[in-house]
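Hi,

Here is the structure I promised to pass on. My notes follow below it.

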Amino acid sequence: MPKIGDIELPDFPLLLAPMEDVSDPPFRALCKEQGADVVYTEFISSEGLIRDAAKSVMKLDIYEKERPVGIQIFGANLESMLQSVEIVEKSKPDIIDINFGCPVKKVVSKGAGAGILKDIDLMVSLTEAMAKHTKLPITVKTRLGWDEDSIKIVEVAERLQDVGCKAIAIHGRTRAQMYKGSAKWEPIAEVKNNPRMHIPVFGNGDVDSPEAAVRMRDEYGLDGAMIGRASIGYPWFFKEVKQYIKTGIRIAPPTMTERVQAARRHLEMAIDWKGEKLGVFETRRHYTNYFKGIPNFKEYRMKMVTSDDAVDVFAAFDEVLEKFGDYEFEHA
Ligand SMILES: Cc1cc2nc3c(=O)[nH]c(=O)nc-3n(C[C@H](O)[C@H](O)[C@H](O)COP(=O)(O)O)c2cc1C
């Protein structure tokens, strides 16, 4: 069974990927209830943390019920990253994850995220310093390389392991690919097949069906799957994958009642966590997926995404249940 430091995980664990503006405490809690074995916060700027920027600090909140949880930070400055480790420790996460994979320009241009793939020595030395600076397990999430011509992920992963990284999650794309094309899992399997590797190697990118997760385990031999987009507005994905792995059968998609219940709980937890205004506003992005595929739904979706008052959104959920309660969903 894979272990991250002392954290014991089940066979082929499923990890909720860090996702900006998505992987907040309410969403993580829902994914955890549906079977996610490890959840991660969205990436948090080390520079923001050390300046005590409210937006960054709020992202450190975690619920007890979501453990084990990893807090992900990004940055390229050693001093800021070490200070951030100390700040993050106060939130008592189970894991501190370093983002060495974010492809967006404003992050990369500062040498952080995937930008560090242009300076592997710095990537290794930052990881080493952070691992030495805390008793919590340090893990890394990264991409295959900067571009097609500079893929050295086997060597990079081994070096990270040797300086104290306790697990690595690899998105099977290069920075140059951004989110284009399809994720390649072969190079991730090469990392896993390196006989010197002993830390868990988790695969990430395009795990969009239970069958894909099984392929990642059986054909590529990876230690677990990190799942991002397939879970957005669909936390049941974790349960579907787990059931499929166990029985080879795809369970039926959630009913309308289950979807309305989840949307309701999501909104309740969001309001509880960040207040009504932000809670109502920031949960809107999930509704499209919760209620995907229902014909003639626009009127109801509009109510959910334009009401500023929680009471109106809850009323829209009730209306949806009444009107579409018998709708039979199909798998995406
Ligand atoms: C909306 C969104 C936000 C993301 N934010 C982060 C982030 O904060 N940190 C990170 O390491 N990756 C982030 N990613 C990348 C995902 O963690 C993941 O690597 C990528 O989506 C590929 O996995 P998937 O095909 O399962 O979605 C984000 C992806 C999406 C779609």
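**Backbone, ligand and helix packing**

Pro68 sits in the loop between helix H3 (54-58) and strand E5 (69-74). Helices (H or I, at least four residues) and strands (E, at least two) are DSSP runs, numbered from the N terminus. The peptide bond from Arg67 to Pro68 is cis, with omega near -5°.

Before the rest, the ground rules. This is a predicted model, where local features need pLDDT of at least 70, side-chain atom pairs count only at pLDDT 80 or more, and totals for chains, interfaces and linings use all residues. Residues are numbered from 1 along each chain as its sequence is written, and side-chain values use heavy atoms, with hydrogens and water left out.

Asp21 lies in the loop between strand E3 (14-16) and helix H1 (25-33). Most residues other than glycine have a negative phi, and most peptide bonds are trans.

Now the ligand. For polar contacts, the cut-off is a pair of N or O atoms within 3.5 Å. An N or O atom in the Arg229 side chain is 2.7 Å from a ligand oxygen atom. A polar side-chain atom of Gln72 is 2.8 Å from a ligand nitrogen atom. Phe43 uses a polar backbone atom, 3.0 Å from an oxygen atom of the ligand.

Which way do H11 and H14 run relative to each other? The axes of H11 (residues 256-274) and H14 (residues 310-324) come within 10 Å and cross at roughly 175°. Axes are lines fitted to C-alpha atoms over the stretch in contact, with angles from 0 to 180 degrees between N-to-C directions. H11 is therefore roughly antiparallel to H14 (over 145 degrees). Their contact (heavy atoms within 4.5 Å) has twelve nonpolar, one polar and three charged residues. Here Ala, Val, Leu, Ile, Met, Phe, Trp, Tyr, Cys and Pro count as nonpolar, Asp, Glu, Lys and Arg as charged, and the others, Gly among them, as polar.

H6 (residues 120-133) and H7 (residues 153-162) have axes that come within 9 Å and cross at roughly 25°. They are therefore roughly parallel (under 35 degrees). Ile120, Asp121, Met123, Val124 and Thr127 of H6 meet Val156, Arg159 and Leu160 of H7. Five of these contact residues are nonpolar, one is polar and two are charged.

Best wishes

Technical notes. Angles under 35 degrees count as roughly parallel, over 145 as roughly antiparallel, 65 to 115 as roughly perpendicular and the rest as oblique. A polar contact is a pair of N or O atoms within 3.5 Å; within protein, one must be able to donate a hydrogen and the other to accept it, and residues adjacent in sequence count only if both atoms are side-chain atoms.
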